[in-house]
There are 2 protein chains.
Amino acid sequence: MRPSKRDELVQEALKVFYQNGFTATGMDMLVKKTGISKTSMYKHFRTKDDLILAVLRLRDEQLRNWFFRRVEELASSPLGQLLAVFDVLEEWFQQPDFQGCMFIKASSEFQCVDDPIYNQCTEHKKLMFNSVLKIVRELETDSGKLSPEIAEKLTRQLFLLKEGAIVLKHMRVSGSAGLEAKEAAVSLLQANGIRNV
Amino acid sequence: MRPSKRDELVQEALKVFYQNGFTATGMDMLVKKTGISKTSMYKHFRTKDDLILAVLRLRDEQLRNWFFRRVEELASSPLGQLLAVFDVLEEWFQQPDFQGCMFIKASSEFQCVDDPIYNQCTEHKKLMFNSVLKIVRELETDSGKLSPEIAEKLTRQLFLLKEGAIVLKHMRVSGSAGLEAKEAAVSLLQANGIRNV
DNA sequence: AACTAAGTGTACCGATCAGTAAGTATTGAT
DNA sequence: ATCAATACTTACTGATCGGTACACTTAGTT
């Protein structure tokens, strides 16, 4: 198999776009930073937007896999995993190269509703949401599982905390946004009658 | 006094930057959209970044004034105002030209910690935070006001909900993010022993 | 009438933008 | 050894970038 230039390009482009922004990063800068020739880039991707889409696909895979693998490493019960979500969030924030959520940032630069880049960003968030929802559905109350409606509502509320934490951490408004979100999450779980929280 | 071209420029530039992004909007596009000559622009602002800073200053003033005036119109008690924060948030989301938070987006494009634009964005968030904090400090529990530490912690949690709602609304992940945030806020207030919520 | 402040249009600067063309070097499989 | 795929270098396109130079108009003040 090929550990090809293409993958190498996408990986490096991810770093540059993440740190420098999408519009602000020119293809010539990518040539300089990756050492890959422009001809070669355009053989793999027809346009810059196509490259960005590939970068976002990689990031989606990377982040979701890493995130929920860590969650599973930290806890096995549904309740434990749900709380671990916020611990992993904080882990992410503490990484030295943390610069916010790539998808929030990309959707800030490509806001048009029918832009494929914008839509890929929303798709990522929906996938993250569904992964959290899956955990919430397994939670135990004193009277068994949550109703589907309550589970969805609770997940939406927890998701608000998560996204807010990402933004406020990136904007340096809050130093420990992950932990604050976790505390708030505990309150929300208790308010919904979750056992043993 | 002059209702001058300068103000006109900043107001129009705000709209264009908001809908189209900062880096993606060139000065020539601003000429086209505002009808103001480039010479004139550069007589008022030395650089594009200076113009952006002026735009953000205007936006900060506009948004904060509007937001908390609406909050005061909707309720007079501290508890009522705090809940009204999320109603006003939802009002904002329902405006047809809503395109997310200008400061979150600007800080996505200008991420460098020592960039004046980035710093003005964080400043706006801190001002918003302090305004909410001021309300929280007036809340009544069964045993009087909240301790300063609890008040700050609660405000941070509510702020997470607010920022999360902005992002998820902008990314069309949640259709009624303001109301969801409000429900979550109620739970957090109850969890902190606030009276009559 | 003379002066000033604030605005305009046009043309330009060098740099960079996304993307292409043409020709050459490197590589691995057969 | 040959062949084809892949990547390379260099140079280029036309458009646009942020920003400037210069000559002109307009309006208000004195």
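Start with the whole predicted model and look for salt bridges: a search over all chains finds 26.

**Stop 1: salt bridges inside chain B**

Select Glu12(B) and Lys15(B), whose closest N and O atoms are 3.4 Å apart in a salt bridge. Both residues sit in helix H1 (residues 5–20) of chain B, three residues apart, or about one turn of the helix. Glu12(B) has 25% relative accessibility and counts as partly exposed.

Next, pick Lys38(B) and Asp28(B), a salt bridge with 3.2 Å between the closest N and O atoms. Lys38(B) belongs to helix H3 (residues 38–44) of chain B and Asp28(B) to helix H2 (residues 27–34) of chain B, so this pair ties together parts that are ten residues apart in sequence. Are these two buried or exposed? Lys38(B) is partly exposed, at 35% relative accessible area, while Asp28(B) counts as exposed, at 52%.

Now move to Glu163(B) and Lys162(B), where the closest N and O atoms of the salt bridge are 2.7 Å apart. Both of these residues are buried.

**Stop 2: where chain A meets chain B**

Show both chains together. Here 44 residues of chain A are in contact with 44 residues of chain B. The area buried between the chains is about 3700 Å², with carbon and sulfur atoms giving 64% of it. To see where chain A loses the most area to chain B, select Gln111(A), Leu160(A) and Met171(A); together they account for 20% of what that side buries.

Four salt bridges are counted between chain A and chain B. For one of them, zoom in on the side chains of Lys153(A) and Glu183(B), which meet at 3.5 Å, N to O. The interface also holds twelve residue pairs in polar contact.

Which helix gives the most to the side of chain A that touches chain B? Colour H8(A), which supplies twelve residues. By class, this side of chain A has 20 nonpolar, 14 polar and ten charged residues.

**Stop 3: helix H9 of chain A**

Finish on H9(A). Just after H9(A), click on Gly193(A), which takes a positive phi of about 70°.

Notes:
Residues numbered from 1 in each chain as written. Chains lettered and ligands numbered in written order. Predicted model: local features only at pLDDT ≥ 70, side-chain atom pairs only at ≥ 80, totals over all residues. Heavy atoms only, no water. Contact = heavy atoms within 4.5 Å. Buried area = accessible area lost by both parts, 1.4 Å probe. Polar contact = N/O pair within 3.5 Å; in protein donor to acceptor, adjacent residues only side chain to side chain. Helix = DSSP H or I, 4+ residues; strand = E, 2+ residues; numbered from the N terminus. Nonpolar A, V, L, I, M, F, W, Y, C, P; charged D, E, K, R; others polar. Buried < 20%, exposed > 50% of the residue type's maximum accessible area, 1.4 Å probe, protein only.
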